[in-house]
Amino acid sequence: QVQLVESGGGLVQAGGSLRLSCAASGRTSSSYAMGWFRQAPGKEREFVGGISWSGGRTAYADSVKGRFTISRDNAKNTVYLQMNSLKPEDTAVYYCAADRDSWINWYSVQNHYDMDYWGKGTLVTVSA
């Protein structure tokens, strides 16, 4: 079992930045791909960014490309999401998730449902 705990959410003005963290505990010796997802009120959950076990491959949703950066520190069992140039439409609960494969096709919605572990989320609110 792997437990994921997100942190770093909060209230920020449009144009500002936040860095989210996702700390993993438990069976962290396996080579998990990690991803960030978000769900805005009244909307479906959507993919934000994903990173391979090694950190050498990343993928992003078009809506955040060039503004968000995903990274990981395996020594600390932590994945980060640096969010810059935030917009009100980025307001959502952000979740991190882990998959037992070292890399997945992040653009497959089915793969999102098949993620093995999920955190409980952290709220990001961007004011206009």
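This report walks through a predicted model, from its overall layout down to a few single residues.

## Ground rules

Since we're looking at a predicted model, local features need pLDDT of at least 70 and side-chain atom pairs count only at pLDDT 80 or more, while totals for chains, interfaces and linings use all residues. Residues are numbered from 1 along each chain as its sequence is written, and side-chain values use heavy atoms, with hydrogens and water left out.

## Overall layout

The protein has one helix and 11 strands. Both kinds of element are DSSP runs numbered from the N terminus: H or I with at least four residues for helices, E with at least two for strands. Along the sequence the order is β-β-β-β-β-β-β-β-β-α-β-β.

Along the principal axes, the C-alpha atoms fill a box of roughly 40 × 30 × 25 Å.

## Surface, contacts and charge

Buried residues account for 45% of the 128. Here buried means under 20% relative accessible area, exposed means over 50%, and partly exposed is in between, using a 1.4 Å probe and protein chains only. The accessible surface is about 6,500 Å², with 46% of it belonging to carbon and sulfur atoms. Those areas come from the Shrake-Rupley method with a 1.4 Å probe, and for residues only the protein chains shown count as cover.

Now for contacts, meaning heavy atoms within 4.5 Å. Take those between residues at least 6 apart in sequence: 60% of them join residues at least 24 apart. As for charge, the mean positions of the 13 positive and 11 negative charges sit 5 Å apart. Lys and Arg count as positive and Asp and Glu as negative, with His and the chain ends not counted; each charge is placed at NZ of Lys, CZ of Arg, CG of Asp or CD of Glu.

## Strand 8 and its two partners

Strand 8 covers residues 78–83 and runs antiparallel to strand 7, with six bridges joining the two. Strand 3 is also antiparallel to strand 8, again through six bridges. For bookkeeping, two strands pair if DSSP finds at least two bridges between them. Five of the six residues of strand 8 are buried, so this strand is largely enclosed by the rest of the structure.

Tyr80 in strand 8 faces Ser71. Ser21, in strand 3, has Tyr80 among its contacts, along with Val5, Glu6, Ser7, Trp36, Thr78 and Val79, not counting residues up to four places away in sequence. With 16% relative accessibility, Ser21 counts as buried.

Strand 7 (residues 68–73) has Phe68, Ile70 and Arg72 on its covered face, and Thr69, Ser71 and Asp73 on the uncovered one.

The hairpin of strand 7 and strand 8 has four residues between the strands. Asn77 lies in that loop and has a positive phi near 50 degrees, in a residue other than glycine. At 27% relative accessibility, Asn77 is partly exposed. Ser85, in the loop between strand 8 and strand 9, likewise has a positive phi near 50 degrees, and its relative accessible area of 41% makes Ser85 partly exposed.

Ala97 belongs to strand 9 and is buried, at 0% relative accessibility. Leaving aside neighbours within four places in sequence, Ala97 is in contact with Leu4, Ala33, Met34, Gly35, Phe37, Met115, Tyr117 and Trp118. Tyr113, 16 residues away in sequence, is 10 Å from Ala97, C-alpha to C-alpha.

Leu123 sits in strand 11 (residues 122–127) and is partly exposed, with a relative accessible area of 49%. Outside four places in sequence, Leu123 touches Gly9, Gly10, Ala92 and Val93.
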